[in-house]
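Below is a short briefing on a structure, arranged by topic. Have the sequence and the model open while you read.

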Amino acid sequence: MLAKDLMTFTWRALTTSRLRSVLVVGAAAIGVAAVVILTALGEGARQYILGEFSSLGSELLIVLPGKTEKGGGPPGMIFETERDLTIEDTVALHRLPHIKAVSPLSVGAIDMSFGAHSRAAMLLGSDASLLETRNLKMGRGSFLPSLDLNKAKPVVVIGTTLAHDLFGNASPIGQWVRLGDRRFRVIGELAEQGTSLGQNLDEAAIVPVASAQALFNNPALFRILIKVDNRSRLHKVEASVRRVLTQLHQGIEDFTLITQDAVLSTFDQIFKVLTLSVGGIAAISLLVAGIIIMNVMLVSVSQRREEIGLLMAIGAPPALILRLFLLESLLIGVFGAIVGSLVGRFGVWVIAKIYPSFPVATPLWAYLAAASTALGAGMLFGWLPARRAAQLDPVRALTGR
Amino acid sequence: MTEGAREAMIQLEKLSRIYPVGDTEVHALENITLAISAGEYISLMGPSGSGKSTLLNMLGLLDRPTQGIYRLEGRDTQGLDELERARLRRERIGFVFQAFHLLPRLTAFENAALPMMLAGTPAGKRRALVTEALAAVGLSDRAHHLPNQLSGGQRQRVAIARAIVMRPALLLADEPTGNLDSRSGSEVIQLLETLNQSGITLIIVTHDPDIGSRAQRRIVLHDGRIVEDRVA
């Protein structure tokens with residue numbers, strides 16, 4: 001049979017029994033679209049979590065008071081702090097090489113009021129370097145001035161949510177607000193930041209660290225953030241930080257150092273499980289797609305045994321009949337894969353529109369796996385019943401016996 | 001007789017076809033020995049289940065004998081593989097069925113062209129030969145109609161055009177008038193007889209004695225055996 005005739009014959013078979021073709025192509029397309037959308041969701045979840053941890057910044061070294069017990073007892077238990085982290089520790093760390101910025105950080109809850117408006121805020125005590133260590137962006141005004149760390153000054157920089165709640169759409173810059181029992185002048189407003197390191201900076205009020213310590217009446221720091229000038233020196237700096245602080249703390253290592261790498265490796269197990277889940281979702285979708293395609297193909301080819309019988313009776317050898325049905329299944333698979341990919345892409349686009357902060361993206365392997373399953377299942381289950389019919393004596397295929 | 005047998009187009013020797021049905025066996029054909037010469041016009045008759053259709057399918061290579069020998073044009077069909085059997089069906093044998101078996105999605109022209117398409121005949125040559133075949137069955141003006149736009153008689157004539165388009169030596173018709181009214185039926189029979197007069201060997205299976213008696217040679221089967229073989 002000539003290639004052109006083979007094509008025309010198959011095309012006519014597909015276009016005349018339109019309902020059947022639409023059903024089979026639709027089944028294949030649903031399967032492919034399911035894989036594309038589900039893996040996009042799974043991969044999105046993975047990317048989202050990965051992104052959360054990456055926002056720590058890979059050049060960041062964090063000092064926590066207390067030591068994580070690594071010997072006996074339940075993991076993650078923090079021993080009673082021997083010595084607090086202090087401003088003196090921070091100053092000492094400044095002298096180390098390869099350091100871009102060191103920020104002390106004290107944290108607490110406080111009531112903030114402006115005129116009749118009052119609300120709870122998260123108070124962060126730090127200094128000008130926080131802009132660098134936390135990658136902050138300013139909305140308007142300026143950030144904290146560079147001051148001696150032990151010097152208090154009644155100035156505050158506030159997050160956007162806080163600014164909106166207390167000042168509405170008016171500019172807060174230059175206004176005096178009350179934090180606890182003291183008055184502060186607002187000198188800046190942050191741009192929208194979102195959540196990172198578990199803190200929603202849009203609801204934060206940032207004051208010089210000495211002012212925060214005075215408000216809380218507590219000289220202990222919550223964290224010290226250290227930004228290294230080059231990522232490759234992170235471990236070297238980590239070692240010298242450990243040495244300097246241990247020295248300052250009378251030879252006792254009563255603090256904990258964490259890096260993004262350490263956090264990420266802790267969550268490595270979670271990522272593995274997430275990756276497996278995405279794979280599992282995809283595998284199940286593929287299986288469902290394959291079964292749908294199998295059923296529709298089995299029924300549609302079996303219905304055409306009479307046609308197979310006739311073709312054999314007028315002289316088509318079995319191999320030619322198989323070729324005809326394989327071509328038909330291939331076309332169905334190709335259309336199913338194309339339509340399914342488009343529908344899937346559209347679905348992903350809709351999800352991205354509804355949840356703009358959720359990173360949905362179908363990995364390439366999902367498209368490839370879905371398309372090859374549609375093609376493979378279509379061809380296999382088109383070929384099997386056609387082969388069974390073509391192996392019969394023509395008279396049996398013809399009469400359906 | 002031996003001389004004649006050697007020249008025969010079709011030779012059957014002690015041919016049997018046995019179907020297993022449950023625990024028992026049904027002898028659809030039993031020890032059929034038969035010789036048919038080129039150009040003959042034969043009717044195969046007998047009651048339902050007498051084996052006449054099985055015999056026709058056997059002659060058309062649509063079925064395989066359980067035992068015995070079938071020689072077509074001097075060739076033993078026993079050793080042929082499916083590819084060669086398909087080739088013989090395509091090139092030497094034309095088949096006309098009671099239920100027409102046209103593909104509903106193809107026009108009359110395309111249905112008649114199907115065997116040539118399967119054989120890989122180029123479109124140009126195909127067009128000429130199919131047009132000729134449709135003219136021979138008197139359907140030149142219906143070439144581009146779909147089967148459901150044609151009457152039963154016209155559909156059967158398309159099927160006949162399809163059967164003769166490859167210019168076979170043997171034309172087999174299984175109850176060709178079974179689904180037709182008597183007028184279309186007799187038109188179809190006349191058409192088949194015309195083709196026979198131009199040289200093609202014609203074998204018609206029928207249970208209608210009026211049609212059966214028109215053939216020059218009548219073979220009657222009963223329970224898988226030939227009980228009568230008479231030349232008029």
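Helices (H or I, at least four residues) and strands (E, at least two) are DSSP runs here, numbered from the N terminus. In this predicted model, local features need pLDDT of at least 70 and side-chain atom pairs count only at pLDDT 80 or more, while totals for chains, interfaces and linings use all residues. Residues are numbered from 1 along each chain as its sequence is written, and chains are lettered from A and ligands numbered from 1 in the order in which they are written.

**Strand 10 of chain B and B:I226**

- B:I226 sits in strand 10 (residues 225–231) of chain B.
- A residue is buried if 20 or more other C-beta atoms lie within 10 Å of its own, exposed if 12 or fewer, and partly exposed in between, with C-beta atoms placed from the backbone.
- B:I226 counts as buried because 21 other C-beta atoms lie within 10 Å.
- Two residues are in contact if their C-beta atoms, placed from the backbone, lie within 7 Å.
- Leaving out residues up to four places away in sequence, B:I226 touches B:I32, B:L34, B:I219 and B:L221.
- B:I226 and B:L29 are 197 residues apart along the chain, yet 9.1 Å separates their C-alpha atoms.

**The six-stranded sheet of chain B**

- Two strands pair if DSSP finds at least two bridges between them.
- Six strands of chain B make an open sheet with mixed pairing, in the order 6-7-8-3-9-10.
- Strand 6 and strand 10 of chain B are the edge strands, and each pairs on one side only.
- Axes are lines fitted to C-alpha atoms, for helices over the stretch in contact, and angles run from 0 to 180 degrees between N-to-C directions.
- Neighbouring strands of this sheet are turned by 15 degrees against each other on average, direction ignored.
- Strand 9 (residues 217–222) and strand 10 of chain B pair antiparallel over six bridges. B:R218 has B:R230 in strand 10 of chain B as its bridge partner.
- Helix 2 (residues 52–59) of chain B packs on the sheet and touches strand 3 (41–45), strand 7, strand 8 (201–205) and strand 9 of chain B. The direction of helix 2 makes about 150 degrees with that of strand 8 of chain B.
- Helix 6 (residues 152–164) of chain B also packs on the sheet, touching strand 6 and strand 7 of chain B. The direction of helix 6 makes about 170 degrees with that of strand 6 of chain B.

**Strand 6 of chain B**

- Strand 6 (residues 93–96) of chain B is covered on both faces. B:I93 and B:F95 are buried on one side, B:G94 and B:V96 on the other.
- Four bridges pair strand 6 with strand 7 (residues 170–174) of chain B in the parallel sense. B:V96 has B:A173 in strand 7 of chain B as its bridge partner.

**Helix 2 of chain B**

- Eight of the eight residues of helix 2 of chain B are buried, so this helix is largely enclosed by the rest of the structure.

**The four-stranded sheet of chain B**

- Four strands of chain B form an open antiparallel sheet in the order 2-1-4-5.
- Its edge strands are strand 2 (24–36) and strand 5 (75–76) of chain B, each pairing on one side only.
- Strand 1 (residues 10–21) and strand 2 of chain B run antiparallel, joined by nine bridges. B:P20 stands opposite B:E25 in strand 2 of chain B.

**Chain totals**

- Chain B has eight helices and ten strands. Of its 232 residues, 47% count as buried.
- Chain A has 13 helices and twelve strands. Of its 401 residues, 39% count as buried.

**Cores**

- A nonpolar core is a set of buried Ala, Val, Leu, Ile, Met, Phe, Trp, Tyr and Cys residues joined through C-beta atoms within 7 Å.
- The largest nonpolar core has 125 residues, of which A:A28 and A:V32 touch the most other members. Helix 2 (residues 18–54) of chain A gives the most to this core, with 14 residues.
- Another core, of 49 residues, lies apart from it and includes A:L60, A:L123, A:L215 and A:L225.

**Contact between the chains**

- The contact takes 21 residues from chain A and 22 residues from chain B.
- Helix 1 (3–16), helix 10 (305–313), helix 11 (318–354) and helix 13 (394–399) of chain A each supply at least two residues of the side of chain A that touches chain B.
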